[in-house]
Amino acid sequence: MFVTGFFAGYFGLLLAALALPIGLYRKNNQISQGVPDDKSGKHKRFECMVRAHGNAVEFIPIFLIMLGALEQLRVLPQSQVLLLGGVYAAIRTGHSLHIRYPGLPIILRMVGFLGSLAVLAGMGVMLMFHCYSQLF
């Protein structure tokens, strides 16, 4: 499971990169937990940091589980598993960047969201079909 291991490492680094500024912002602004209720907009940047990290945490674990299953069950050749991982890494990174820095082109977020759904749905169909064909 070298491909899955590689992307687990990549996404671990991405999550660390998204989490570090949150911790620093909390320390510098004395925010112990949560996101302050902010009518003034003072903490809007902080809210974007938290959402970028949270959104990545919502999507990445299931992707890695499914990628590992595709690789372990040999549903696809290793080169295609690697390609799938690379595509997902690119679209999730772009999506995270747009949430973190809303001034970037909106296309990053749109492609990231739609691409994430397409990749996860495609992987789900492939796994279900493969496993069903082995069971019956």
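**Figure 1. Burial and the overall fold of the predicted model.** A residue counts as buried when its relative accessible area is under 20%. F63, at 0% relative accessibility, is therefore buried. The model shown here and in the views that follow is predicted. Buried residues account for 37% of the 136 residues in the protein chain. The protein chain holds 4 helices and 0 strands, and its pattern along the sequence reads α-α-α-α. Taken along the principal axes, a box of roughly 60 × 25 × 25 Å is filled by the C-alpha atoms of the protein chain. Among contacts in the protein chain with a separation of 6 or more, 68% join residues 24 or more positions apart.

**Figure 2. Aromatic pairs around F63.** The count of aromatic pairs comes to 7. One of them is formed by F11 and F63: the ring centres are 5.9 Å apart and the planes stand at 80°, so the pair is edge-to-face. F11 belongs to helix 1 (residues 2-29) and F63 to helix 2, so this pair ties together parts that are 52 residues apart in sequence. F11 has 0% relative accessibility and so counts as buried, and F63 likewise counts as buried at 0%. F63 also pairs with Y88; here the centres are 3.9 Å apart and the planes lie at 10°, so the pair is stacked. Because F63 is in helix 2 and Y88 in helix 3 (residues 78-100), the pair ties together parts 25 residues apart in sequence. Y88 is buried, its relative accessible area being 0%. Ring pairs link Y10, F11, F63 and Y88 into a cluster.

Figure 3. S116 is located in helix 4. At a relative accessibility of 0%, S116 counts as buried. A polar contact of 2.9 Å joins the side chain of S116 to the side chain of R92. The charged end of R92 also sits over the ring of F59, at 4.4 Å from the ring centre. With neighbours within four places in sequence left aside, S116 is in contact with F59, Y88, I91, R92 and V111.

**Figure 4. M123 in helix 4.** M123 lies in helix 4, which covers residues 107-135. Its relative accessibility is 0%, so M123 counts as buried. Which residues does M123 contact, leaving aside its neighbours within four places in sequence? They are F63, M66, L67, L70 and L84. The C-alpha atom of M123 is separated by 9.5 Å from that of A69, a residue 54 places away along the chain. F63, in the contact list of M123, is also a member of the ring cluster with Y10, F11 and Y88.

Figure 5. Helix 2 runs over residues 44-72 and has 29 residues. From its first C-alpha to its last, helix 2 reaches 42 Å, close to the 42 Å expected at 1.5 Å a residue. Just after helix 2, R74 takes a positive phi of about 55°. How many salt bridges does a search of the whole structure find? The search finds 1. R51 forms a salt bridge with E58, and the closest N and O atoms are 3.5 Å apart. Side chains of opposite charge can pair when their charged atoms come close. R51 has a relative accessibility of 36% and so counts as partly exposed.

**Figure 6. H130 in helix 4.** H130 is found in helix 4. Is H130 buried or exposed? At 18% relative accessibility, H130 counts as buried, because the cut-off for buried is under 20%. Not counting residues up to four places away in sequence, H130 touches L73 and V75. Helix 4 also holds M123 and S116.

Key: Residues numbered from 1 in each chain as written. Predicted model: local features only at pLDDT ≥ 70, side-chain atom pairs only at ≥ 80, totals over all residues. Heavy atoms only, no water. Helix = DSSP H or I, 4+ residues; strand = E, 2+ residues; numbered from the N terminus. Buried < 20%, exposed > 50% of the residue type's maximum accessible area, 1.4 Å probe, protein only. Contact = heavy atoms within 4.5 Å. Expected span 1.5 Å × (residues − 1). Salt bridge = Lys/Arg side-chain N within 4 Å of Asp/Glu carboxyl O. Phe/Tyr/Trp six-rings, centres within 6.5 Å; stacked < 30°, edge-to-face > 60°. Lys NZ or Arg CZ within 6 Å of the ring centre and 35° of its normal. Polar contact = N/O pair within 3.5 Å; in protein donor to acceptor, adjacent residues only side chain to side chain.
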